[in-house]
Amino acid sequence: MKLDSLLKERFGDTDVGSEIYALAASIYPICRSITGDGVRKTLNHLRQHIDLNVNEVRTGTRVFDWRVPREWNIRDAFIKNAAGEKVVDFNVCNLHVLNYSSPIHAKLSLAELKEHIFTLPEQPDLIPYRTSYYADRWGFCMAHDRLVELPEGIYEVLIDADLTDGYLSYGEYLHRGETREEFLLSAHVCHPALANDNCSGLALLTYLAKLLAGRKTHYSYRFLFAPGTIGAITWLARNEHLVGRIKHGLIISCVGDGGGPNYKRSRRGDAVIDRVMTHILQHAGPNSAVCDFVPYGYDERQYCSPGFNLPVGLFQRSRFGTFPEYHTSGDNLDFIKPEHLAESLRVVWAALNIVEGDCRPRGTKPKCEPQLGRRGLYSSLGGDKEAPANNMALLWVLNLADGVHSLLDMAERANLPFQVIADAAITLNGRAFGIGLF
Amino acid sequence: MKLDSLLKERFGDTDVGSEIYALAASIYPICRSITGDGVRKTLNHLRQHIDLNVNEVRTGTRVFDWRVPREWNIRDAFIKNAAGEKVVDFNVCNLHVLNYSSPIHAKLSLAELKEHIFTLPEQPDLIPYRTSYYADRWGFCMAHDRLVELPEGIYEVLIDADLTDGYLSYGEYLHRGETREEFLLSAHVCHPALANDNCSGLALLTYLAKLLAGRKTHYSYRFLFAPGTIGAITWLARNEHLVGRIKHGLIISCVGDGGGPNYKRSRRGDAVIDRVMTHILQHAGPNSAVCDFVPYGYDERQYCSPGFNLPVGLFQRSRFGTFPEYHTSGDNLDFIKPEHLAESLRVVWAALNIVEGDCRPRGTKPKCEPQLGRRGLYSSLGGDKEAPANNMALLWVLNLADGVHSLLDMAERANLPFQVIADAAITLNGRAFGIGLF
Amino acid sequence: MKLDSLLKERFGDTDVGSEIYALAASIYPICRSITGDGVRKTLNHLRQHIDLNVNEVRTGTRVFDWRVPREWNIRDAFIKNAAGEKVVDFNVCNLHVLNYSSPIHAKLSLAELKEHIFTLPEQPDLIPYRTSYYADRWGFCMAHDRLVELPEGIYEVLIDADLTDGYLSYGEYLHRGETREEFLLSAHVCHPALANDNCSGLALLTYLAKLLAGRKTHYSYRFLFAPGTIGAITWLARNEHLVGRIKHGLIISCVGDGGGPNYKRSRRGDAVIDRVMTHILQHAGPNSAVCDFVPYGYDERQYCSPGFNLPVGLFQRSRFGTFPEYHTSGDNLDFIKPEHLAESLRVVWAALNIVEGDCRPRGTKPKCEPQLGRRGLYSSLGGDKEAPANNMALLWVLNLADGVHSLLDMAERANLPFQVIADAAITLNGRAFGIGLF
């Protein structure tokens, strides 16, 4: 499963990063929330690429300690000044409305209006992203610079939205592998116009699913596109019987910017996915980093709650909360780039590659080194100081192919990328060393 | 058991540091040794605060490889010059006499005298503290500056002391808890006028015992005020049957100066008390440090001998042997301060608090996070970058309340002070989460 | 087994480093290869010191995945210019011939000749050492400076050598100890005139064997002087039944230069020999270093192959491949020094000393410290800040003599040299503490 040849086969000369970017861009303008038509529209976009199941769960359904909330749909919103000019317009940027806001239509003084306005005084040109899911509240978000320009006077505010009984929607796609053991890949679908967080993750996972389609795999790959927190809780509540199948998992968000890459370990800390991602990021450049689990973040919070404790980590480029554009209008289509999306895809693919390809080969000639030279695998000219580097992967595989060490163990101990070790194992196997690979 | 409210209840507005300091100052002038009336007088001072048992063990009693030594009592000592003027006077500073010195009354030349005089040429204005317990020897200690001023001539020396069969004395106080499991707290009582080493420790433990009096505790707290080495050996020899009850222990000395605080681990290295003190000192400021056990120091040497191997560490501010005032007349009442004594009390109290309060709660809602917002424990306004910090302790407790992790485990993993975690656990318990705490 | 007194006993005032150097110098001029008379001559030199068994294994014998190669013997070799002058002469330096070269006698143009010449353009004044064991090939090695001086013209080349069926030779010497448990010591014998790599190792092991002769030891010490790779493989193939006896092992090479010392761990990483060598090098000066096993290097590659996985590490001064003289004519008799050889002997001796002397003593007085002062082992004068350092080794042994900790454990934990701990244990044993040593 070499990614480059697969990409060539599927997309020809088209750059996959640009493809992912285009999909992210197409869903960016949609006003998503934890429920409502924004989510449905988004899932319909993804459906043009993969055969997604859309699940609808009725408002009020009990999901563990929670209940599925009402459905929110919004048509329009603005603030007009005394002259009737729109000083804030939902149609320009859907972050302007407090997400999941109650409806309102009123005339207010500036002072009254300000009680319902959120700004970022320290980033005065950016519109913040704020939500109010679990308290009835109406509000607007805007650039602080614009707020301070507003003159005294009477303002007309409109939020033409409904909060009604309905459904929570989420998308699910299963790539069936040879076994029922699952690799869970999940991206949250609830944020409105934030490109990195998480149009990038939704688009990347869609393309990953597309690449897997028709490929034979050991694991089954389950893709989830669900609202944050309540979506994961809902899925877990409805699929408790499946949870034991999940052997590895990654939450994917913020994968289009130029930071990182970063991995946050699962609660277990030493799950296979933790070792796999640590190994990949170790070879992924100087800015990559791995951090321990903390019970704050994305949906790993739910998958790693003590009653589940699943081997699910979080993959990101920049870490949430650490970049200035986070949860603001600065997280727009200029902030994500095709090359970062492509590199993120490579990282996730590398993880799949390792869990699919890892094994514990056992050499058939464990006593002393086999004679590599005779088989054309070793220079016949001795004494050269430079020679060994070329042979190290072969020597490591031969030395550790004892049925105990996995290829990942070897890669870690040799400090070589997994693929270099796997290729050496394949070479040895091909030359009749019979190391029992795959 | 919040210390501040307890201090308020017991001492009103009086600062406990000043109280401890006053007790240390009251025992400072007494000339203590490993045996004799100096120890008895000191224990009598402590008895004004707590109901101390004083034990007397006869000279010659076998205690493991040792015998209880003779009792030493001193009445007066001086060196007089040819003019009959006292150039060294025991009544000015009891460090002047080699501790446990044989008696002497003689006239000597300066050269003969010098063979019995100990000074510190590198700290010429300070009187050293020296002892000779196990070899018959007489001697004086004095400032090197004073020694070099002495003219040739005949000197009269007097050490009016007895070394006679008698008793070794030590004090013991037991605060009975709900169980017979014990926490041992021990301070050495054998040093003469050295304020930090160990009037500070004696006074601190006395006040700690006083604070515990009347309080319900899980552990029984055993306080020992015994001469160094031979006192600990004597106690262990007479109480071997109790040793199995000791679950935690701290040797307390040098707790009044401005250094550290420092903790030296028990021989085990991973005893609960080692983890507890490491945790506390990690949150105690930049100068705090924890070091491994070495078989030199205070009475942890005996408690950690291989036949006992008890979970007993050493708590100090500055480490013995590392501060210039150590074992000199510089270790006087100016060297210790009420605020340092109070801070030391806080550290020891924090240790008691952890061993008393630690438990392994099990959440009743382990699957996914409970809905904190509905219970007023989580901001209803989402998207704010600053929000999580306030909730981290609650989230950590919920995430780790699996019946396996203790509150201390949680505090270590969350890198939050134990009390913050314990308070979060209490909050969750109080809001009907039923995490099975305490 | 104190080395200094043993050296005195055996060699009087002669410096052992000079003795080892003289032996290394005497074998330096011999043209060795993996087979042939060069090896036999070398073993005969060593035989003047120890009663070496020389084993001869017939060409073509199967040894695991390999076959014993033909025997190579060389009489003469040169390159003559048009004037009949030797521009390259085997008799001046045996590195000039590609080791194991096929015979040749021909006249060639300079261009044709150059295809068979190896130089080091970046070290233009040095002759490289190159081999061609497993491909039929003839060639010469020479200084790059000399090569570029050669004028166009016709050259006569002669390599008067045979490659014929014969034998592979290796030397073996067994010092029998009280048990059949073995310590393997091995040096490769196949390199021609390279002083450090490995005349130094051959000479050092010969003197080590000589020193052991007549000494009572716990372990049996097996010395191997065999060609690299094929020699180790041959020995292992013929002695599989002995392999289980090998409890510790060291490959010895490059022990005469001024670098390091260095130790490379066995594949196990935590074998006793790994701990022993790590401990010794920790106390051996600032340039010493220990590195993990990698499956490239000397014969540890074979001993640590997965089917054997023996506790065999590599001891060197400078690491192979890292010093500029490595595998060149710069590795000559000026490059090695008697003092480095002597120091290397000390390191290896120290390792023997530890494995021979280590034990898990159990004190007879485990409860509290025994009274050292009464036995003259502790200053009777207390209070001195400097006193403890002198007693630390005694205190550590008493504290850890619980039948669980070995002397090496103690030395590691105390951060004191093994010998200091062992001497303290002997002192305590001698003073009737009965700590059950040896």
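How much area do chain A and chain C bury between them?

1. The model and its A–C interface. This is a predicted model. Chain A and chain C bury about 2600 Å² between them. Of that area, 51% is on carbon and sulfur atoms. An interface's size is often quoted in this way, as the accessible area lost when the parts come together. In residues, 26 from chain A are in contact with 33 from chain C.

2. Charged and polar pairs across A–C. The rule finds 6 salt bridges across the interface of chain A and chain C. R267(C) and D402(A) provide a salt bridge through their side chains, at 2.8 Å from N to O. Polar contacts between chain A and chain C come to 13 residue pairs, with both residues at pLDDT 80 or more.

3. The chain A side. Which helix of chain A gives the most to the side that touches chain C? Helix α11, residues 387–400, does, with 7 residues. By type, the chain A side that touches chain C has 11 nonpolar, 6 polar and 9 charged residues.

4. A threonine in chain B. T328(B) sits in a loop of chain B, between β16 (312–316) and α10 (338–357). Is T328(B) buried or exposed? T328(B) has 0% relative accessibility, so T328(B) counts as buried. Beyond neighbours within four places in sequence, the contacts of T328(B) include L95(B), L120(B) and Q123(B). L126(B), I127(B), P128(B), Y129(B) and L194(B) are also in contact with T328(B).

5. Cis peptide bonds. Most peptide bonds are trans, and most residues other than glycine have a negative phi. In chain A, the bond from G260(A) to P261(A) is cis, with omega near 0°. P261(A) is in the loop between β13 (246–252) and β14 (262–264) of chain A. In chain B, G260(B) and P261(B) are joined by a cis peptide bond, with omega about 0°. The place of P261(B) is the loop of chain B between β13 (246–252) and β14 (262–264).

6. Positive phi in chain A. C254(A) is not a glycine, yet its phi is positive, near 55°. The loop between β13 and β14 of chain A holds C254(A). C254(A) counts as buried because its relative accessibility is 0%.

7. Positive phi in chain C. F64(C), also a residue other than glycine, has a positive phi near 50°. F64(C) lies in the loop between β2 (62–63) and β3 (66–67) of chain C. With a relative accessible area of 23%, F64(C) is partly exposed. The cut-off for buried is under 20%.

Conventions. Residues numbered from 1 in each chain as written. Chains lettered and ligands numbered in written order. Predicted model: local features only at pLDDT ≥ 70, side-chain atom pairs only at ≥ 80, totals over all residues. Heavy atoms only, no water. Contact = heavy atoms within 4.5 Å. Buried area = accessible area lost by both parts, 1.4 Å probe. Salt bridge = Lys/Arg side-chain N within 4 Å of Asp/Glu carboxyl O. Polar contact = N/O pair within 3.5 Å; in protein donor to acceptor, adjacent residues only side chain to side chain. Helix = DSSP H or I, 4+ residues; strand = E, 2+ residues; numbered from the N terminus. Nonpolar A, V, L, I, M, F, W, Y, C, P; charged D, E, K, R; others polar. Buried < 20%, exposed > 50% of the residue type's maximum accessible area, 1.4 Å probe, protein only.
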